[in-house]
Amino acid sequence: MGEIYNVRPVNKSLCLQQLCENNYRKLLLLIPNLLEFKRNATGFCVTKPNLHLRIIERAPYTITLELSHQFNRKLSAFLEPAVIIRLYLDARLIEVLRDHERTHVNQAITDPGLSKEIMDYKWTLNYFLDK
């Protein structure tokens with residue numbers, strides 16, 4: 001059985017920025033024409049679950065979208081993990097805003113003075129996408 005490792009970098013803010021930049025590159029490798037999409041799209045593969053993309057909001061420098069997989073081929077199947085992502089086009093990074101298990105950071109941690117907890121929460125969301 002595999003071991004679970006907790007990644008706790010010393011300079012979490014720098015590592016989070018690098019992680020978000022790396023996730024941006026990975027997402028564009030996964031979906032090369034992502035920046036051209038104007039609405040929803042589905043990626044089909046015979047050997048892997050379908051990848052669903054839903055554009056939530058498009059602005060001049062950002063795109064907010066939802067990514068999910070359909071593990072069951074039935075149309076009524078539950079889509080997961082339903083990750084909400086914001087792409088920052090000018091900075092070339094992405095930030096995971098929430099996933100199917102975790103709410104948006106602003107709702108999870110309402111006290112802006114809890115910067116360590118906010119950073120930890122954002123790290124968890126974005127590290128999940130990296131994997």
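Student: Why is Glu-66 called buried?

Tutor: This is a predicted model, in which local features need pLDDT of at least 70, side-chain atom pairs count only at pLDDT 80 or more, and totals for chains, interfaces and linings use all residues. Residues are numbered from 1 along each chain as its sequence is written, and side-chain values use heavy atoms, with hydrogens and water left out. Buried means under 20% relative accessible area, exposed over 50%, and partly exposed in between (1.4 Å probe, protein chains only). Glu-66 has a relative accessible area of 18%, so Glu-66 is buried.

Student: What makes the pair Glu-66 and Arg-54 a salt bridge?

Tutor: A salt bridge needs a side-chain nitrogen of Lys or Arg within 4 Å of a carboxyl oxygen of Asp or Glu. Between the side chains of Glu-66 and Arg-54 the N to O value is 3.2 Å, and they meet in a salt bridge. Glu-66 lies in strand 3 and Arg-54 in strand 2, so the pair ties together parts 12 residues apart in sequence. Strands (E, at least two residues) and helices (H or I, at least four) are DSSP runs, numbered from the N terminus.

Student: Why is Arg-54 called partly exposed?

Tutor: Its relative accessible area is 36%, so Arg-54 is partly exposed.

Student: How many salt bridges does a search of the whole structure find?

Tutor: The search finds 3. One of them joins Glu-95 and Lys-122, with the closest N and O atoms 3.2 Å apart. Glu-95 is in strand 5 and Lys-122 in helix 3, 27 residues apart, and the pair links distant parts of the chain.

Student: Is Glu-95 buried or exposed?

Tutor: Glu-95 is at 15% relative accessibility and therefore counts as buried. Lys-122, at 25%, counts as partly exposed.

Student: With which side chain does Glu-95 make a polar contact of 3.0 Å?

Tutor: With the side chain of Tyr-88. A polar contact is a pair of N or O atoms within 3.5 Å; within protein, one must be able to donate a hydrogen and the other to accept it, and residues adjacent in sequence count only if both atoms are side-chain atoms.

Student: What joins Lys-116 and Asp-120?

Tutor: Their side chains meet in a salt bridge of 2.8 Å, N to O. Both residues lie in helix 3, 4 residues apart, about one turn of the helix. Lys-116 is at 56% relative accessibility, so Lys-116 counts as exposed. Asp-120 has a relative accessible area of 23% and is therefore partly exposed.
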